[in-house]
Amino acid sequence: MKKALLIVATFAAAMLASCSYDDSAVWDKIDELETKVSDLETLMDAMKNNVYVKSVTETTTGYEIEFTDGRKATITDGTDGAKGDTGEKGEKGETGAKGETGAAGADGDAFFKSVSIVDGVITIVTTDGQTIVLKMYVSDDPVLKFKDKADKEITSIDFGDLTAAEYEAISNGYDEITLEQTNISRTYIVDDQGCVYADLYKTADGETNLLFQVHVGNSGRKGVISFLSVGTNGKSIVTDLPVSFGKVTSTVTDKRDNKVYSVALMNDGLWWMTQGLAYVPEGITVSETPTSGKIWYPSSSEKVADKSAEAIATIGYYYDIETLLDATLDESNYTNFSYNHQGLCPEGYFIPSVDDYAYLITLDSYHKSGSPQSANNYNAGSANKASLIADGFTFGTTGMIQKNTGTAEAKYAFVTNSCFWWTSTGKTWGDGVTTGQTSSYFYGAMAMGTDTAGTIMVAQNSRFAGYSVRCVSR
């Protein structure tokens with residue numbers, strides 16, 4: 001069509017150059033052709049961008065179409081060919097010979113062959129066979145609904161508790177939700193927050209589906225996907241779809257002794273053991289008394305060694321920090337083990353750093369300070385215990401072996417009301433014996449009180465003590 005316009009324009013220019021000529025009729029024809037090209041482009045653009053038709057008005061020469069975005073297009077019918085000339089009349093008395101059929105009239109100059117409107121859908125066929133399909137505007141308000149693959153309407157999605165495999169499947173993309181759109185020209189995701197990343201996509205059969213991924217993080221396990229839908233009547237609506245899931249749990253097997261530990265995916269994005277480590281390296285004997293040894297049985301409420309399988313499976317063993325780190329410590333290296341240090345943890349797991357515990361119990365001010373070892377204690381309070389338990393973490397009581405200096409007498413302590421877990425982060429150094437160096441500290445996590453009460457803190461603890469450990473995987 002653009003080529004047709006160019007040919008007409010070239011012909012007109014030649015006429016002007018060759019002689020004096022009244023070109024008004026030619027330019028009227030060019031203007032008419034330009035208008036038709038523009039109208040066709042408007043129709044094609046409307047079909048491409050899902051713009052709706054507001055009204056269709058029949059005219060003496062075709063139709064005028066008005067769109068919801070304010071644009072108009074005129075469809076002009078082609079004109080019939082001229083009638084052929086009649087043959088000459090025969091001589092009187094004899095039947096006249098039939099005149100020759102007149103030449104066919106010239107083709108009409110419209111671009112459009114036919115227009116039909118059926119069930120709110122306008123179908124326009126061009127003279128070269130192209131089909132343009134447009135939807136009629138309706139006056140009803142827009143409605144957006146969500147349906148699962150069984151075609152059942154849903155108003156929220158709660159996956160409940162998940163195994164590691166189930167979580168992995170959803171975190172890699174879940175696409176079984178279909179958007180049912182009524183009186184809507186288009187829908188956008190305007191906000192996906194919390195535990196959700198989301199996007200819209202078209203299926204092969206033209207359905208609009210919702211593809212989303214779930215994840216844990218500081219935002220927790222709840223999120224809302226918000227949709228902005230543009231209605232065919234000019235109105236817009238915002239529709240929310242809440243998404244949530246519960247605990248994400250799994251197990252890890254220590255290949256060294258085949259012990260199986262429960263783990264949970266916490267809001268810091270790390271897998272945490274929910275049982276204490278109970279691994280004993282070759283050549284070390286687990287001690288029954290606090291005053292000797294490097295690895296100890298946990299304590300019972302009577303402050304004696306508890307050798308029961310239940311206690312060991314829950315609390316794990318108490319470890320001397322050097323034994324746990326699997327390193328010989330001195331003043332030159334005691335701060336070198338803070339990140340991703342495996343020590344005695346199973347393959348793929350590490351001794352948590354002070355940062356790992358701080359993130360776990362959401363000590364935001366701790367991370368913003370820029371000097372994490374500038375204070376002795378970072379108290380997170382009791383509010384976070386309930387949320388950690390809801391996410392799969394466990395507390396109970398672990399107790400500890402208390403020994404404040406290298407020469408102090410070791411003893412079981414806090415066995416009925418507190419938990420103590422090592423970190424790999426050293427704070428200050430001392431040999432534990434020399435005057436002025438009797439104290440020496442590593443950070444540890446402390447949960448005071450019962451499961452539902454008390455406080456959680458990251459605190460300095462004597463490196464001569466014995467604590468449990470909860471290994472972590474990134």
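**Ground rules.** The model is predicted, so I take local features only at pLDDT of at least 70 and side-chain atom pairs only at pLDDT 80 or more, while totals for chains, interfaces and linings use all residues. Residues are numbered from 1 along each chain as its sequence is written, and side-chain values use heavy atoms, with hydrogens and water left out.

**Overall.** I looked up the secondary structure and got eight helices and 28 strands in the protein chain. Both kinds are DSSP runs numbered from the N terminus: H or I over at least four residues for helices, E over at least two for strands. Of the 474 residues, 41% are buried (under 20% relative accessible area; exposed is over 50%, partly exposed in between; 1.4 Å probe, protein chains only). For contacts (heavy atoms within 4.5 Å) with a separation of 6 or more, 60% come from residues 24 or more positions apart. The accessible surface is about 24800 Å², and carbon and sulfur atoms hold 49% of that (Shrake-Rupley, 1.4 Å probe; for residues, only the protein chains shown count as cover).

**Cysteines.** I searched the whole structure for disulfides (cysteine sulfur pairs within 2.5 Å) and found one. Cys345 and Cys471 form it, S to S 2.1 Å. The S-S torsion is about -85°, so I noted this disulfide as left-handed. Cys345 sits in the loop between α5 (321-325) and α6 (354-360), and Cys471 in the loop between β27 (456-462) and β28 (472-473), so the bond ties together parts 126 residues apart in sequence. Both Cys345 and Cys471 are buried. I also checked Cys195, which is buried at 0% relative accessible area, and Cys419, buried at 0% as well.

My grid was 1 Å over the protein atoms alone; a cavity is a set of points where a 1.4 Å probe fits but cannot get out, a pocket is an open set with protein on both sides within 12 Å along at least five of seven lines, and lining residues have an atom within 4 Å of a point. Volume is the space filled by probe spheres set on the points, which are joined across faces, edges and corners.

I found two cavities of 30 Å³ or more. The largest cavity holds about 40 Å³, and its lining includes Tyr357, Phe393, Trp421 and Ile456. That lining counts nine nonpolar residues, no polar and no charged (nonpolar: Ala, Val, Leu, Ile, Met, Phe, Trp, Tyr, Cys, Pro; charged: Asp, Glu, Lys, Arg; polar: the others, Gly among them).

The second largest pocket has about 230 Å³. Its lining has 14 residues, with Gly293, Trp296, Asp320, Lys403 and Phe464 nearest the centre. I logged six nonpolar, three polar and five charged there.
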